[in-house]
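Reader: I am new to this structure. How should I read its overall form?

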Amino acid sequence: QLLAKACSEVIESKKLAGILRRLLAIGNLMNESSGKPQAKGITLDSLIKTAKKKGSDGKTMVIDLLVSTAMSNKLDIVNFWSDMPTVRVAMRLDLDDFRHVLREIQTGAQSVDRSIEAEKSQAESQDG
């Protein structure tokens, strides 16, 4: 339930969507200068590469520019975490715990399957 809620918060976050739209636009501007076609979306890999890309001064990264522009224009996207309080909690979850729970669920499901098959076999032998 926690992960489902965190995923919903990410999907529904207007602030995060605003950041991603702006990074896509910046990436398209950068691609335009190199003759690449405009992208319609952004992958995690290209998102990271775009955000870390440095400007002509060799110091300022795209993400720095995005944040300073957003702050100077008073855009309410910088504090995007406020849209996603459950994500911070979900980030602290231990994946090993999830693997353990998943194994328990799989074992339980297999046990239920075996019980159903045994019941079917027993019912068939009583009918036959």
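Author: Start with the radius of gyration, which is taken over C-alpha atoms; the globule rule is 2.2 Å times the number of residues to the power 0.38. This is a predicted model. A compact globule of 128 residues would come near 14 Å, but the protein has 25 Å.

Reader: What box do the C-alpha atoms fill along the principal axes?

Author: Roughly 85 × 35 × 25 Å.

Reader: How many helices and strands are there?

Author: Six helices and zero strands. From the N terminus on, the order is α-α-α-α-α-α.

Reader: How much of the protein is buried?

Author: Buried means under 20% relative accessible area. Of the 128 residues, 18% count as buried. The accessible surface comes to about 10000 Å², and carbon and sulfur atoms hold 58% of that.

Reader: Which residues of α2 are buried?

Author: First, the general idea. An α-helix has 3.6 residues a turn, so residues three or four places apart point the same way. In α2, the buried residues are Lys15, Leu16, Gly18, Ile19, Leu23, Leu24, Ile26, Gly27 and Asn28.

Reader: What do the buried residues of α2 pack against?

Author: Three helices: α1 (2–12), α3 (44–52) and α4 (62–72).

Reader: And how far apart are the mean positions of the positive and negative charges?

Author: They are 14 Å apart, for 19 positive and 17 negative charges.

Methods. Residues numbered from 1 in each chain as written. Predicted model: local features only at pLDDT ≥ 70, side-chain atom pairs only at ≥ 80, totals over all residues. Heavy atoms only, no water. Helix = DSSP H or I, 4+ residues; strand = E, 2+ residues; numbered from the N terminus. Buried < 20%, exposed > 50% of the residue type's maximum accessible area, 1.4 Å probe, protein only. Areas by Shrake-Rupley, 256 points an atom, 1.4 Å probe, with all protein chains shown as cover. Lys, Arg positive; Asp, Glu negative; His and termini not counted. Charge placed at Lys NZ, Arg CZ, Asp CG, Glu CD. Contact = heavy atoms within 4.5 Å.
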